[in-house]
Amino acid sequence: MIKLPSNNTSKVAIKLKPLAETLVKKGHPWVFENSIVKQNKEGKSGDLAVIFDSKKNKFLACGFYDPYSPIRIKILQANNPVVINKEWFSNKIEQAYNKRISLLQTNTNSYRLIYGENDGLPSLIADVYDKVLVVKLYASFWFYYLKDILPLLISISKAETTVLRLSRNVQKEKNEFNFTDGQVIDGELKNEVVIFKEHGINFSANVIHGHKTGYFLDHRANRKKVGEIAKGKTVLDVFSYAGGFSVHALAGGAKEVTSLDISKPALEIAKSNAKLNKYTGKHLTIAGDAFVALNKLAEEKTTYDIVVIDPPSFAKSASEVDRALASYKKLTTLGLKLVSKNGILVLASCSSRVTSELFFNLVEKTLLKNNIKYKILKKTLHDTDHPISFKEGAYLKCIYLEMI
């Protein structure tokens with residue numbers, strides 16, 4: 001392992017506005033800059049913010065201070081005083097690992113070991129692809145604690161190689177340690193493309209240059225479900241990216257699968273992922289804007305037994321929610337034109353600002369408006385390795401609809 005920096009951070013005493021205090025007491029992991037009413041000194045990245053109750057002046061919570069974010073404090077522990085040290089990190093990582101045990105008992109060697117705030121370790125993602133651990137930092141304060149947490153993550157995951165990924169914001173910040181995105185910090189990486197299994201199906205992740213940590217693990221259970229219902233069917237996978245749904249459908253015995261994505265390189269990855277597995281069906285690709293391509297297919301009266309529409313996030317901010325809902329409505333309407341009689345339409349959303357209730361209601365209203373007779377087969381949220389511990393942490397929702 002490369003030499004990691006020692007922790008030379010200090011503590012900052014903080015007091016909050018009453019509403020923020022209440023939220024922290026209830027376990028919310030974020031304290032915004034405008035919620036702070038008093039602090040004893042200017043904080044630096046990595047400093048431990050100790051929040052005191054404004055009335056009793058007793059310990060309320062502690063968390064990492066982040067001068068680069070409007071979320072100024074990311075809470076680690078509330079209500080009960082603790083020492084944030086290697087032992088504390090070890091307990092958190094062990095708790096997180098225990099939540100994943102049921103998943104790891106399947107034929108799967110890729111999983112999210114740490115899911116940020118939802119596992120009590122804010123702004124930290126740790127994904128495992130076979131024997132490669134990918135740690136992605138969304139805040140620079142973690143630089144000061146890598147010496148404590150990395151050996152723990154490596155030990156519990158039994159990783160032989162560890163790659164460090166940095167978010168765009170962290171890459172922009174001053175970095176006194178010269179950490180870089182895609183840096184191998186432990187072991188040796190023979191190939192930046194790592195082959196891994198997801199419920200017995202082979203996939204690849206580019207752990208150095210791929211999106212996020214190299215692959216999107218969150219839809220695993222939904223991809224498995226589509227694979228289970230695809231035998232002998234024709235399938236359209238919209239916003240297919242690296243072919244997650246497409247590959248499961250092909251491996252599940254689909255007669256024909258069409259992967260549709262705007263990115264030609266992503267479609268090439270989808271094709272190569274498919275070839276990592278045995279299948280007899282036909283794999284077609286369409287490169288183009290989803291809305292334009294779906295309209296064209298509808299005009300040509302093309303239909304499929306299963307249509308999967310899993311778009312990227314449409315609402316990065318509250319101001320984009322209405323536009324996102326309009327896009328989901330449009331995609332639902334297009335999907336209805338492309339799914340065959342008695343076929344199945346699978347619709348998903350990963351916009352955290354669009355709640356599951358809002359999304360599911362919009363989908364059903366669109367179906368009713370189009371006088372569609374349907375049956376809801378299933379509604380799903382997050383997979384086991386993406387647990388949710390606070391409202392804003394939830395983003396994924398998926399609905400399976402059978403046309404009748």
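User: How do the residues of the lining of the largest cavity divide into nonpolar, polar and charged?

Analyst: This is a predicted model, in which local features need pLDDT of at least 70 and side-chain atom pairs count only at pLDDT 80 or more, while totals for chains, interfaces and linings use all residues. Residues are numbered from 1 along each chain as its sequence is written, and side-chain values use heavy atoms, with hydrogens and water left out. Ala, Val, Leu, Ile, Met, Phe, Trp, Tyr, Cys and Pro count as nonpolar, Asp, Glu, Lys and Arg as charged, and the others, Gly among them, as polar. For this lining, the division is seven nonpolar, one polar and no charged.

User: Which residues line the largest cavity?

Analyst: On a 1 Å grid over the protein atoms alone, a cavity is a set of points where a 1.4 Å probe fits but cannot get out, and lining residues have an atom within 4 Å of a point. About 40 Å³ of space lies in this cavity. Its lining consists of Ile309, Pro311, Tyr328, Leu331, Thr332, Leu347, Ala348 and Phe359.

User: Which element gives the largest share of that lining?

Analyst: Helices (H or I, at least four residues) and strands (E, at least two) are DSSP runs, numbered from the N terminus. Two elements give two or more residues to the lining of the largest cavity: helix H10 (321–338) and strand S18 (339–349). The largest share, three residues, comes from H10.

User: Is aspartate 47 buried or exposed?

Analyst: Buried means under 20% relative accessible area, exposed over 50%, and partly exposed in between (1.4 Å probe, protein chains only). The side chain of aspartate 47 meets that of lysine 44 in a salt bridge (3.7 Å, N to O), a term for a side-chain nitrogen of Lys or Arg within 4 Å of a carboxyl oxygen of Asp or Glu. Lysine 44 is partly exposed because its relative accessible area is 48%. Since the value for aspartate 47 is 0%, this residue is buried.

User: In which helix do lysine 271 and glutamate 268 both lie?

Analyst: The side chains of lysine 271 and glutamate 268 meet in a salt bridge (3.1 Å, N to O). Lysine 271 is partly exposed, with a relative accessible area of 26%, and glutamate 268 is also partly exposed, at 47%. They are three residues apart, about one turn of the helix, and both lie in helix H8.

Definitions and conventions
On a 1 Å grid over the protein atoms alone, a cavity is a set of points where a 1.4 Å probe fits but cannot get out, and a pocket is an open set with protein on both sides within 12 Å along at least five of seven lines; lining residues have an atom within 4 Å of a point. Grid points are joined across faces, edges and corners, and a volume is the space filled by probe spheres set on the points.
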